[in-house]
Amino acid sequence: MDTVDRTEDLNPHRIARQQFDRSAPFLEDLSDWEGMSEFLFEPEHILEVALPVLMDSRTVKMFTGYRVLHSSIRGPGKGGIRFYPTAGKEEVMALATWMTWKCALLDIPFGGAKGGIAVDARALSRREKEHLTRRYTVALGDTIGPFTDVPAPDVYTDAQTMAWIFDTYQMMHPGQGNLPVVTGKPLELGGSVGRDSATAQGLFHVTARFLELGGVSGLSEIKGARVSIQGFGNAGRHAAKLFHEAGATIVGLSDSRGGIHDPDGLALEGVGRHKDDTGSLAGFPGAEALGVRDVLEVPCDILVPAAVENMITTDNAERIDAKVVAEAANGPTTPGADDILSARGIHVLPDILANAGGVVVSYFEWAQNLANQQWDEADIAEKLRKKMYRATDLVVDKRVELIESLPMYRERWAADHASDPELPKPDYRMTALTVAVERCRNAALQRGIWP
Ligand code: NAD
């Protein structure tokens, strides 16, 4: 069953463009749109670097790294760095674009950026990973900086990776108060309490708030809900714990090597121990073994894709058996799958809203570093909850507003696109993007186009 429909365009950057174009008709004013849309969508700069690393085998291996600053209209670039085999230019461009919209939607003072190195991180020793990280940091040079572009962890990078980036940057710029150059650092090195679980915590808040607002008929709270999660790393593992602690039943889990399923509920502590001991979820005793993508199809109430892009496609969207999809991963659902899920009445809480908790607490970390402060856990937890609730309420209200005005938007659309199909009813992704893109456009117009 682990097959993907190759007829669908799975290029992440073109998918980001499709999503952007689908939200545009719902913007307030389209008079300046043609040139403005290019200005807002095209990345500001793309850096590609060659990275030689002396491997443990004493051979030199070359890697390619990227850093894309998509937009600095609303502030310095912000976005993670991933070490992943497919981390090419197009993937990193898409991820940087999504970061711009995410920071705008959550109303934090950052633009969007992302970095990546094409590598199978699981095959590197700790020393090789450190050397690759340090070489990449030097190659980025002054592209990153506390007020220009601030990286963070993403797939197969973590607090240790951020510590190496900070240390390398500090060696290059001594005596300059460089802690805010990266976020997601270890606590002992200026990291923030709550950053490790922030993405999952934010996802939890968005989902809980959406249910509380009546987004899913017959499901008003997390307690008692059945949850299936693809990905058991930073986002997925913390999410499983939070949903479980809130009284949900975790019925499906997977990592890159395989999935496990138990309709009566997986014993999460035992699963965690099995993962730590064996490095994989596969083989967890007593559970049904599944393929990596099959975990998306198990009957559940809340489905959480928390791995990588393009996991819910036109190939499997018909078989998704959930009431709501909460995207912890970036770009897990293709536009074609969005349409299928929408037609089936399954709402998707989009990545730029649902997984924004990580960047929100990254912003808190950056602010603490700049002010030489340490905020306490309760303070951070409450600030995060407020941000996530506010953004969820905004998107839910905005969608109602857009749907009420749909005849007007359809009329305006038809006037310019006579031969195109009728404008679809906006889903939560289109709605969230509309809010975010509008904010970026307003900021661009207020700043003016230099010179
Ligand atoms: P991670 O490296 O900690 O975990 C990734 C998980 O996905 C692992 O369990 C891995 O086994 C699994 N995985 C990797 N490739 C897979 C594949 N091809 N098929 C199935 N499973 C696969 O990474 P993370 O930080 O948890 O990130 C997961 C997703 O969440 C990514 O899309 C990332 O961009 C997004 N995200 C992360 C953060 C964050 O703060 N870490 C914030 C926002 C969004």
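**Figure 1. The buried residues of helix α9 pack against α1 (12–23), β11 (324–326), β12 (347–349) and α14.** As in every view below, the model shown is predicted. Helix α9 spans residues 335–343, and its buried residues are Pro335, Ala337, Asp338, Ile340 and Leu341. An α-helix has 3.6 residues a turn, so residues three or four places apart point the same way. After α9 comes glycine 345, which has a positive phi near 75°.

**Figure 2. Phenylalanine 20 is a buried residue of the predicted model.** This residue belongs to helix α1, one of the elements against which the buried residues of α9 pack. Its relative accessible area is 0%; phenylalanine 20 is therefore classed as buried, the limit being under 20%. When residues up to four places away in sequence are not counted, phenylalanine 20 touches Trp33, Ser37, Leu40, Phe41, Trp101, Leu433 and Val437. Arginine 429 lies 409 residues from phenylalanine 20 along the chain, yet the C-alpha atoms of the two are separated by 9.7 Å.

**Figure 3. Helices α12 and α14 pack at an angle of about 100°.** Helix α12 covers residues 377–404 and helix α14 covers residues 428–447, with 9 Å between their axes. Because angles of 65 to 115 degrees count as roughly perpendicular, α12 and α14 are described as roughly perpendicular to each other. On the α12 side, the contact is made by Leu394, Val395, Val396, Lys398, Arg399 and Leu402. On the α14 side, Tyr428, Thr431, Ala432, Thr434, Val435 and Arg439 take part.

**Figure 4. The peptide bond from tryptophan 450 to proline 451 is cis.** Omega for this bond is near 0°. Proline 451 is located in the segment after α14. Most peptide bonds are trans.

**Figure 5. Aspartate 107 and tyrosine 156 have positive phi values.** Most residues other than glycine have a negative phi. For aspartate 107, phi is near 55°, and for tyrosine 156 it is near 60°. Aspartate 107 occupies the loop between α3 (89–105) and β4 (112–117). Tyrosine 156 occupies the loop between β5 (149–153) and α5 (159–172). Aspartate 107 has a relative accessible area of 42% and is partly exposed. Tyrosine 156 is also partly exposed, at 31% relative accessibility.

**Figure 6. Threonine 199 is a buried residue of helix α6.** Helix α6 comprises residues 198–212. The relative accessible area of threonine 199 is 13%, which is under 20%, so this residue counts as buried. Threonine 199 touches Asn234, Ala235, Ala354, Asn355, Gly357 and Gly358, with residues up to four places away in sequence left out.

**Figure 7. Leu54, Val60 and Met62 form a nonpolar patch on the surface.** Together, these three residues have about 280 Å² of accessible area. Valine 60 is part of strand β2, which runs over residues 60–71. The relative accessibility of valine 60 is 57%, and because the limit for exposed residues is over 50%, valine 60 counts as exposed.

Terms used. Residues are numbered from 1 along each chain as its sequence is written. This is a predicted model: local features need pLDDT of at least 70, side-chain atom pairs count only at pLDDT 80 or more; totals for chains, interfaces and linings use all residues. Side-chain values use heavy atoms; hydrogens and water are left out. Patches are made of residues with over 30% relative accessible area and no salt bridge: like charges are joined within 9 Å, nonpolar side chains (Val, Leu, Ile, Met, Phe, Trp, Tyr) within 5 Å. Accessible areas come from the Shrake-Rupley method with a 1.4 Å probe; for residues, only the protein chains shown count as cover. A salt bridge is a side-chain nitrogen of Lys or Arg within 4 Å of a carboxyl oxygen of Asp or Glu. Helices (H or I, at least four residues) and strands (E, at least two) are DSSP runs, numbered from the N terminus. Buried means under 20% relative accessible area, exposed over 50%, partly exposed in between (1.4 Å probe, protein chains only). Axes are lines fitted to C-alpha atoms, for helices over the stretch in contact, and angles run from 0 to 180 degrees between N-to-C directions. Angles under 35 degrees count as roughly parallel, over 145 as roughly antiparallel, 65 to 115 as roughly perpendicular and the rest as oblique. Contact means heavy atoms within 4.5 Å.
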